[in-house]
Amino acid sequence: MALKIVKGSIDRMFDKNLQDLVRGIRNHKEDEAKYISTCIDEIKQELKQDNIAVKANAVCKLTYLQMLGYDVSWAAFNIVEVMSSSKFTYKRIGYLAASQCFHENTDVIMLTTNQIRKDLSSPNQYDTGVALTGLSCFVTPDLARDLANDIMTLMSHTKPYIRKKAVLIMYKVFLKYPESLRPAFPRLKEKLEDPDPGVQSAAVNVICELARRNPKNYLSLAPLFFKLMTSSTNNWVLIKIIKLFGALTPLEPRLGKKLIEPLTNLIHSTSAMSLLYECVNTVIAVLISLSSGMPNHSASIQLCVQKLRILIEDSDQNLKYLGLLAMSKILKTHPKSVQSHKDLILQCLDDKDESIRLRALDLLYGMVSKKNLMEIVKKLMIHVDKAEGTTYRDELLTKIIDICSQSNYQYITNFEWYISILVELTRLEGTRHGHLIASQMLDVAIRVKAIRVFAVAQMATLLDNAHLLTGNMQRNGICEVLYAAAWICGEFSEHLENPVQTLEAMLRPKVATLPGHIQAVYVQNAAKLFATILKNQEGNTDSTAAQETSQMMIDRLPLFVQSANLEVQERASCILQLVKYIQKLQQKDVEVAEEVSALFAGELNPVAPKAQKKVPVPEGLDLDAWINEPPSESESEDEQPKAIFTKEEPKHSRPRHTEVDEKELARRREARKQEQANNPFYIKASPSSQKVYQEAPGVEHIPVVQIDLSVPLKVPGLPMSDQYVKLEEERRQKERAEKKKKEKKKRKEKRSGRGKKHDSGPESEEDITPAHVVDIVTEEMPENALPSDDDDKDPNDPHKALDIDLDKPLADSEKLPVRSHRAAGAPKSSAEDGEAENATPQEPKKKSSKEKRDKKKDKERDRKRSKEEKKKKKHKHEEKEEDLLGGQAEEPVVQSEEMKEVEAQPTSTSAEEAATVAEAAPAPEAPAGTAADSEPEEPKDTETEESSSKHKKKKQKKEKEEKEKKKKKKHHHHHHHSDGGGEESVQNGTVEEEEPLPPMSNYCLLAENSYIKMVCDIQGNLQDGSQVVVSVIFENKSDSFLKSMEFNVLDSLNSKLQRPEGSGPHDGLTVPFQLPPGVSNEARFVFTVQSIVMPQKLKGTLTFIVKNEDSSTHEKLDFKLHFTCTSYLITTPCYSDAFAKLLESGDLKSSSVRLEGVNMPFHHLLARICFHHHFSVVERIDSCASMYSRSIQGHHVCLLVKTSGQTVSIDAKCDEPTLLGNVLDEIKQTFSQC
Amino acid sequence: MIKAILIFNNHGKPRLIRFYQYFAEDMQQQIIRETFHLVSKRDDNVCNFLEGGSLIGGSDYKLIYRHYATLYFVFCVDSSESELGILDLIQVSCSFVFVETLDKCFENVCELDLIFHMDKVHYILQEVVMGGMVLETNMNEIVAQVEVQNRMEKSEGGLSAAPARAVSAVKNMNLPEIPRNINIGDINIKVPSLSPF
């Protein structure tokens, strides 16, 4: 035996460990793969052994091999084995391997659930830590669901090391199991204020990550983060928060205003560049979101730009890069402030770092003006010449074109210059952007009529020197330029100086080496040119010249007829036949020129790119209908000629479904339209384009530009754009001089004494008049054009599932799955409850919130709170811990609620949802319980508390008043809440506090005998229009133990008690708890109702067993459940404008009621209506208020309450008169009772 | 979020890879190659940010890297991370850490350390970044946690307990070639003499 062990360990001595493996691989450089495969064989042997140490060693080696790219998923089960070892060393190896190679589809993962759970609850914090770390890498939806609760428990672990890991991993859990977000969120929020900075940082991290994807749900946390930002010293946390604010500000401009100051302070004070940079970034985001109305706006911009300048000037390339990056963000909104740093940015163009140069280029785009365009482009052209890498040069090229062509060539004053620039760019070798240059040439030539003469001359030169371009054309795209050149020369051939020469150039044999589509254009335009030549020559008496031209065509064209390209061939043979025929006619001395040029007659006009869209669909034409049944495969698509000036979308070659849905069709149509719109050769027969025709100034209106002949027009291979810079300068000077003269004149005439007007300053943009008129079509949009759809989110984005409203209280169903054995016995907890109530009479006071403004919400919460109170007492121990945190948290919550108010989220379900939460927490550690705890507490007088003494109430009131005062003070300090608006008229359910309200309760007595008292409250269920929830509080009045309570109701046709599936229609429902003496507890029952317009009564019975020490008796209690119409109403907030619209709509029937002898303050009256009848105040002005509510079936109920003296008149409108009548009756009754 | 952490040497050989999003092994290798290709052609005196490669992430992602002697440390991060923060995280300058941690824990980190102790480096890394999120930036804290865990491992006898360590010391003497086929039979013969112990 001993021998065997010794042998085993000696065996192991010669097993390779990781170091041996690495060394071995290094020693077998030449046959690495072979060596590794033998190693893998060894590892397989090792994994077969029972010894866990051997296995762990093998797994460790596998991890290394995985890094080298070997698939090790076959060992997944062994990895799980090693993970489950009790030794930390092995466990760690196992988890490491798992985190490297497990993923969602690894099937053994499901075996790990229990092991991981065990490790999570291990007494050794490092076991837990290792498990958490591993889990963070391979968590699956199943694991997330099963372990969410365990991890959430760990968030409150005593060791910060575990806490921070647990907090961090929650993000991964949320991603995989979005349902866990809401239950876990309160605790996560709590961790923002954890005493340990690491945990705090982790919580900030997670919330920032969540908020980045769905910022609007986290707006309510802004005050808390604001506090953290001003208090935290951890740069990492600060950076995260500041980044988060950058994401939040676009949603809440008021937040931005608050941020400017602290951020500015940070910018001034911090020494950490990373923090400074993020601050600047966020300030920029704030400034972008604030479109106007900032007094010190420019100061902040100035500060940012100034700080960025420091960054850019820094020798550290990283800072330089980031500075430029941030600068480009400012540029979008405040171009002026960036423009003053042009020198710096131009300097960056010379930087040795390509990334920096590219960033600087981005910036240049926004910095050009009419004034400096030429200068900047000149600089760029120099860079183009110097640039070594083609990618950078291509980038420069596209940037030059972008800069020049931006917003309809807005900044170009001299198009001759621009054409020269384009021509110069064609000399770039090896650029991929030939087509870009070509499209620019075409665009300019077509749209700027005045430039055509010049453009044609330049293009003719280009064609003449085509050999320069085509030298190595096979591999570069520059020959695309010839496409444009040929087309321009053909189309505008009347401007050619020497058309014959150009024609000759176009028919050179060398042309046949060009790509097919270019040849085709050559052939076609040769024909156009030919027509022009004929026309010119026919005027002359000498007919031989014309015949010579025809002969040349006939000689040269056969070359193209033989072309392999179908398009070229077809066009060439057509034209060849035509020319032959013309020649015949010429020989007969027939005048043909007129007719030939008629072939190409017609002016080409620019059309708005979106004009096509505006074509109205003729009546009776269904564009979506198939003309022929669609073929099953799109075979013809591939045959389409390549579009040159539009980027072709990748085509699907796989068979498409025959039924293409509407959307897809629309999209395709759109794409097609786009393509056509972009195609200059596509003839658009649209009314708007006709309009364009009319509007487009005729040729005669265009000022003829005098071309300065000092400019060498035809020097091939020489850059000439520089000349224009000089010329332009002169031109401007001249203009300026003229202007000055004029102004002087004016001044003389006016003889104004003001010497303020000095003209010496830099000339402004408007002063520069363009040398050419650009025939630019304003981009018209069809009247019913929709704003372009926002970038639709990827439906597969995991973050989409996390778009969850976190402000809504938790519902019953929203609990993390807990293992079943945890459920604690109900009677025990209720017994504790009783004790707790006696033991901590002070506690509710501590909790009492100072916030009473928000009456509506408060009232909703009332009931829930009373229930929570009980539960709270149950968790006395937890309570104390949380109290500390709660105390701090209170204030931000107040603020956040005020923020919420602005959003006016429907909170109507809160009461009943919360009730569920309270009830659903019988187990002391149930997480959902703590979830609700973080809400501010307000003890309200309900039946449960009736026992509490009266002076306590007084104390409470006092306390409340004090807090009220405090709060008012706070208002001045903390201006996070809505600072504008709504002071004179109170909106959205808020009732101004004038004097404390008497406590109210909606619970009414249901039945009572010597053993038990039942009170109930009935609430509609917003989610389901046919459900009402009846909450019944059972109170044991006797000295005996009450058990086996069964609740039964005699169903009516209209209302039925919802019973669990499988039970009969007359079976009772078991009340899920027992009642020790003197204890009360609440149960909820759901009823389905059909019609809600009438109140209704249901008879019911409660049966229970009274158990004494010696005997037990069976007792019963009859009751009548009264479903009032009020109970079908749900408090729904309503904006005053929506309210007005509702009243105007005229669908509502009106009715009114008068109440006499009501002597209570108006706000009490309103509060009562709100509370007892589930209304919310829409608007209140003096002694008049409008109120709103909605039934569970969506009926609108609007009230106008007026008071004068003791008379209250209520005018009401509702779309269901019966319901309205009943509600009004009930309101009347409420006030007659008091 | 950090999407991946890659460490490779001047020749593109991976020394540590840590993906926080699943990629198949061949894809991982391709990403490493692409990243190496992008990073290696950059001079040392240019900025340390690169708009991400096409394989990971896309436009929202950036590569942030540092070049140390023979090693490249590359973090692939999205826009929620601060560029300079991550850079600091990689480097020494602030109290932020990563290489610093390696420095401390391995006395002077060099490529060989990483090659032979990939697992250790992983363990350190796990204390800094967890599941793609920065867990801890306080160097002292990181070092402390790593050390405690190493002590635990030692007390458990490590991966290859005492006898093996002795052997491994022998092996580390860098004999040109350890006889590969040591026959257990030979040892068997000697074993009886051990039995009296």
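This is a predicted model: local features need pLDDT of at least 70, side-chain atom pairs count only at pLDDT 80 or more; totals for chains, interfaces and linings use all residues.
The expected span of a helix is 1.5 Å times one less than its number of residues.

**Helix α1 of chain B**

Helix α1(B) covers residues 25–40, which makes 16 residues. At 1.5 Å a residue, the helix should span 22 Å. The C-alpha atoms at its ends lie 22 Å apart, so expectation and model agree.

Which residues of α1(B) are buried? They are Glu25(B), Gln28(B), Gln29(B), Ile31(B), Ile32(B), Thr35(B), Phe36(B) and Val39(B). Viewed down the helix axis, these buried residues fall within an arc of 160°, so they line one face of α1(B). The face turned away from that buried side carries exposed residues: Asp26(B), Arg33(B) and His37(B).

**The sheet of chain B**

Chain B also holds an open sheet of five strands. Its order is β2-β1-β5-β4-β3, and the pairing is antiparallel. Which strands sit at the edges? They are β2(B), residues 14–19, and β3(B), residues 49–51; each pairs on one side only. From one strand to the next, the twist averages 15°.

Strand β1(B) spans residues 2–9 and is joined to β2(B) by five bridges. The two run antiparallel. Within this pair, Ile5(B) of chain B stands opposite Arg18(B) in β2(B). In a regular strand the side chains alternate between the two faces of the sheet.

**Strand pairs of chain A**

| Pair | Sense | Bridges | Facing residues |
|---|---|---|---|
| β5(A) and β7(A), residues 1069–1070 | antiparallel | two bridges | Glu1046(A) and Thr1070(A) |
| β2(A), residues 1004–1008, and β3(A), residues 1012–1020 | antiparallel | four bridges | Leu1005(A) and Val1015(A) |

How many residues lie between β2(A) and β3(A) in their hairpin? Three residues lie between them.

**A helix pair in chain A**

Two packed helices are described by the angle between their axes and the distance between the axes. Helix α15(A) covers residues 253–269, and helix α16(A) covers residues 273–289. They pack at an angle of about 155°. Their axes are 10 Å apart. Angles over 145 degrees count as roughly antiparallel. The helices α15(A) and α16(A) are therefore roughly antiparallel to each other. Their crossing is left-handed.

**Positive phi values in chain A**

Most residues other than glycine have a negative phi. Ser1044(A) has a positive phi of about 50°, although it is not a glycine. Ser1044(A) is found in strand β5(A).

His1174(A) also has a positive phi, near 60°, and is a residue other than glycine. Where is His1174(A) found? It is in the loop between α45(A), residues 1162–1173, and β13(A), residues 1176–1181.

Are these residues buried or partly exposed? The cut-off for buried is under 20% relative accessible area, and exposed means over 50%. Ser1044(A) has a relative accessible area of 38%, so it is partly exposed. His1174(A) has a relative accessible area of 4%, so it is buried.

Notes: Residues are numbered from 1 along each chain as its sequence is written. Chains are lettered from A and ligands numbered from 1 in the order in which they are written. Side-chain values use heavy atoms; hydrogens and water are left out. Buried means under 20% relative accessible area, exposed over 50%, partly exposed in between (1.4 Å probe, protein chains only). The arc is that of the directions from the helix axis to the C-beta atoms. Two strands pair if DSSP finds at least two bridges between them. Axes are lines fitted to C-alpha atoms, for helices over the stretch in contact, and angles run from 0 to 180 degrees between N-to-C directions. Angles under 35 degrees count as roughly parallel, over 145 as roughly antiparallel, 65 to 115 as roughly perpendicular and the rest as oblique. A crossing is left-handed if the near helix is turned anticlockwise from the far one by less than a right angle, and right-handed if clockwise.
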